[in-house]
Amino acid sequence: MSKHNLITEQEASDRFQLFTCIRGKFGKTAKYLLYEGDVEMEGSVDLQVLCANAKANGVIVAGNLTVTGVLYQPDIDHGETLFVTGNLNAKSINKGGAEFYIKGNLVVEQTIYGYYNHGSLVVEGDTEAVTIFAEDHYFKFGGDVQGLVIDTGKIEGVEADYNTTEPLLDELIKNDHYSDSGTLNKYINEGRHIINAEYISALKRNWSFDVQKDTAVAPQLITLPEMKYRFDLNKYPPFDQFEFDKIIFFDGNAFIDGDLNQQWAEKTVHELGADPDLDSALILVNGNLTVAGAIHPSDECFPFLLVFGNVQCDVLLSDDECIHITGDADITYAFDGNYNDGSIVIEGKTRVPYVLNSNHSSRIDAQGAILINYYSDADDFFDYDYTVKDFERVIVSSALDTDGGLKPAVFIKLLMAGKSPLKKGARPARLIVEEEIKQLSAAQSEITELDLTGKKLKEFPVALTKLTSLKKLILNDNYIDSIPVGIKDLVNLEELEMERCGLKSMPDEIGLLPNLKQLNVSHNSGLVLPEGLNNLGSLQVLNISYNTGFGLPAKLNGLKNLQELNCYQCSTAAPIEFPVTITQLTGLKRLLIGSNSFLTIPDSILNLQNLEELNLNASLCYLNSLPDLLQLKNLKTLHANGLISYTTRPTPKQTLLKSFFSIAGLEVLHLDRHGERKEKFIKMNDFEEMEKNLAHDPERLAELASKVGRAPNIVHGDGKKGTLREALKPEHLEGISQLQNLKMLDLSFNGLTSLPEEIFALKGLQFLNLQYNALPISERLKIGKQLPGCTIDFRDNRTDDTADAEDAKQWQAMNTAIKEANALMGAKSDKEKLQQSLKKYDEVLAFFSSGKVVDEYNLLYAHYGKAYAYYHLAANHTGSISAEDMLALNQAAIQHGLRTLELVPAMIWHFTDLGKFHEEVSRFAANMVAWKMHLLASDKSELEKALAIVQKGIDHIQREEHYYIYDTQVRILLKLERKEEAYQIVKRILALSPNFGDFQDLKQHADYNDWVAKKQ
């Protein structure tokens, strides 16, 4: 960039005769930022910010000025002056009330826009743009003007094409003379065109190639060795993986007058004297490529296309072939990426109005384009404006097939004919959302909750800051990037969620939200939280998980009411220091710091005297010792598994386990996944990273080296293999009997073959997770008998147990019988097999009632299976069962269902796999029993019992598929003539799920609709 300095307005007038071009500012007090010589500014430039940083009133460029992005001047009243003695080139000009004077030519790629009557733009030379729009603004042109001219202000030097806003995109029109200037500003700054495609005359070909003036080379055929000698294709995978037998080579700029397609390639090869078979062919351009038509290299897979330069064409289609362009691409009408076999890479910018993509690997930067996914509704390679679900709403019918799918060829033909393939008024969903927000804001809505998850917002909608009644705002999965200072106006906000928003920073004003209780800014890697965070005295929950580096401010002592901090995986595999600022949070009750690479945990963690739950899962990898956690007197729950999360972290030491056995107040302890770790092959670069990560600990580094040996591999070369951690043994659990308050113990995934005897001293134990160990049947039976009041999960204990002990034989016989019963029950359309399954389940249950088998999980599972057999018989075979037998069947089902519910423990450990099974049993059995009781009930007391039973299922409703239980509840309430309670439930569920099938009859019922009308 050229040299720059500040000069006064008077100095500028003396040197450049400034006052002959502009009115000026404040005489000698005004300052100008002067650039000497030609200037290039990368990216978009906000003139107001540029001048504010330099304490200047304007910019003078004594030479040519190039801005690779948008030149933006936002102030509509006066604003910062721009004076350029040479030419000005930019992507767009977006200006308000400032004076711009260009003595040379003005060339922009997209739009010149001036707004309001306090500013002006004067160009002495030629002007070129796609759109030139003066909205209540003054433009004056001295030379030739190319572009669509819209004048709702005052333009001199050229006749306007339109004196109304007609050419603008529908969503940008307020009335005939004014635009929606806020949205229009945003479009320009995002690099989007502001007029409909049919008005973009400049885009009928946004490039040119003059065959009389521009040099173009002829194609030739070269061999593969010649190509490899000149070019290194290793930089351009997958081109490096193919042995091309024909290479059409342009050694310089290439021009093709017509389509570059398979027919062109075959003809070219034939004219060059070779067989036109293109089964393994490549088109290679060592320069720029201009095609006066479409680029569509292949009808099948070959030829591939590789261009070492820029590309210009009308349409670019990428199918099964591979295309790589190292420069920019100017595409007049559309890019179309179709199917998942091929790929395209454009390293530079792609200038194109429409991108159509169908599950195609398209690595292109098409900023400002309208992005359409015609394969699915997923945001795979782009953050799409429209996906399949939008087509009926936004795309003209002629461009859709009978199934509502896009016909890309028709879509592109419409563009080439100057017609819009989008319906009038079509807008991306995010713009509809933004408009709705504006309407809510204008109406001063008293809305309290707003969920805008995944609405593809490009920025934080400023209108949200006017919704001061908001208490809960969810903006997850929108690439918003930043938060405006106006966030401070949401004074009633209690909960703010901004997961996966690309945030890098937040304004200090976030600390001015007096009622904020929950803040979730997780999955924003690199986010740095402001010092103002420390002013959130009401904050209770903070989630910064997956934000690499933590990003916490130096002071957190102002967060007196913070009870929960979640910072899962805020580090990479490399070791880091513990962020001691966390230990200022003395009010914390839950600290979730799993999957972090802490070198040590400082003693200052003992400042957290209110801590009730600590999660260290996968954070023990580098630790050699722990502080005396016994001093955390309120600690009740500890998660301390042996996972590593990253393969290049070391394996946690098993000796750390005993550090937890002195925490006398513990009630819940998770010690899963501390068993053997074998690695059959570690790539050398991964092993070297492991060594680097342990460089601070020579003893453990030496131990690692002693445990591994050479592992040859024909694909990856030599690596390492070995047993990085030995099997967990009962002696590693010595001292666990000290935990006399323990209610729940998780020892799953440890490969244990036995437990230490002192486990049986834990008399208060209610739940023991032994899933995925190697406990033989005899050991499982022993544990079950020693802990009679404890729920034990023995599932997936894989052993080679061949013992012929009688108890083992009985358990195996039970297990075989339950599989047979399940198979019979699964044939739900076969009445005979269902009846047989009831008898087989009774055989299974006899193993338990006789005391021959002790296995709590399988006991409940057998009851659960039998309950399903009853359900299938009644639901699927009503016509073949007499009324008398059906009554007996339902009565038996009720009694069995009640027995099943009795087997579900009062304390369900819902976060465990077995707990989830207990919840499912509760839902199914409670609903079945309550429904059948309601069918058979003859008096109010029986219905009241049914209502109490169905509540056991309602307590575990978690998602829409469980709503069937509400139907049972409502039908019982209606039979009890408690219509008000029933209809309240119906109204609430239909609001959540309007198409919920079980309530469609009530939705249409006149009585219910009368009730709803009265409530409004």
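Visitor: Is Asp-390 buried or exposed?
Guide: This is a predicted model, and what follows should be read with that in mind. Asp-390 forms a salt bridge with Lys-389, with 3.9 Å between the closest N and O atoms. Lys-389 counts as exposed, at 57% relative accessibility. Asp-390 has a relative accessibility of 8%, and because the cut-off for that class is under 20%, Asp-390 counts as buried.

Visitor: Which parts of the chain hold Arg-500 and Asp-477, and how many residues apart in sequence are the parts that this pair ties together?
Guide: The side chains of Arg-500 and Asp-477 meet in a salt bridge, at 2.6 Å from N to O. Arg-500 lies in the loop between strand S34 (495-497) and strand S35 (518-520), while Asp-477 lies in the loop between strand S33 (472-474) and S34, so the pair ties together parts whose separation in sequence is 23 residues.

Visitor: What are the relative accessibilities of Arg-500 and Asp-477?
Guide: Arg-500 counts as partly exposed, at 37% relative accessibility. Asp-477 is also partly exposed, and its relative accessible area is 34%.

Visitor: How far apart are the closest N and O atoms in the salt bridge between Lys-154 and Glu-156?
Guide: Lys-154 is partly exposed, with a relative accessible area of 48%, and Glu-156 is partly exposed as well, with a value of 29%. In the salt bridge that these two residues form, the separation of the closest N and O atoms is 3.6 Å.

Visitor: Where does Leu-467 lie, and which residues does Leu-467 touch beyond those up to four places away in sequence?
Guide: Leu-467 is placed in the loop between strand S32 (449-451) and S33, and with a relative accessible area of 0% Leu-467 is buried. Leu-490 is 23 residues away from Leu-467 in sequence, and their C-alpha atoms are 6.9 Å apart in space. Leaving out residues up to four places away in sequence, Leu-467 touches Leu-440, Ser-441, Ser-445, Ile-447, Leu-450 and Leu-490.

Visitor: Which residues gather in a patch of negative charge on the surface?
Guide: One of the members, Asp-275, lies in the loop between helix H5 (262-271) and strand S21 (281-285). The residues that gather in this surface patch of negative charge are Asp-245, Glu-266, Asp-275, Asp-277, Asp-279, Asp-299 and Glu-300.

Visitor: What percentage of the residues of the protein count as buried?
Guide: The protein has 21 helices and 47 strands, and its C-alpha trace spans about 105 × 80 × 70 Å along the principal axes. Among contacts with a separation of 6 or more, residues 24 or more positions apart account for 48%. Of the 1016 residues of the protein, the share that counts as buried is 53%.

Terms used. Residues are numbered from 1 along each chain as its sequence is written. Side-chain values use heavy atoms; hydrogens and water are left out. A salt bridge is a side-chain nitrogen of Lys or Arg within 4 Å of a carboxyl oxygen of Asp or Glu. Buried means under 20% relative accessible area, exposed over 50%, partly exposed in between (1.4 Å probe, protein chains only). Helices (H or I, at least four residues) and strands (E, at least two) are DSSP runs, numbered from the N terminus. Contact means heavy atoms within 4.5 Å. Patches are made of residues with over 30% relative accessible area and no salt bridge: like charges are joined within 9 Å, nonpolar side chains (Val, Leu, Ile, Met, Phe, Trp, Tyr) within 5 Å. Accessible areas come from the Shrake-Rupley method with a 1.4 Å probe; for residues, only the protein chains shown count as cover. Lys and Arg count as positive and Asp and Glu as negative; His and the chain ends are not counted. The place of a charge is taken as NZ of Lys, CZ of Arg, CG of Asp or CD of Glu.
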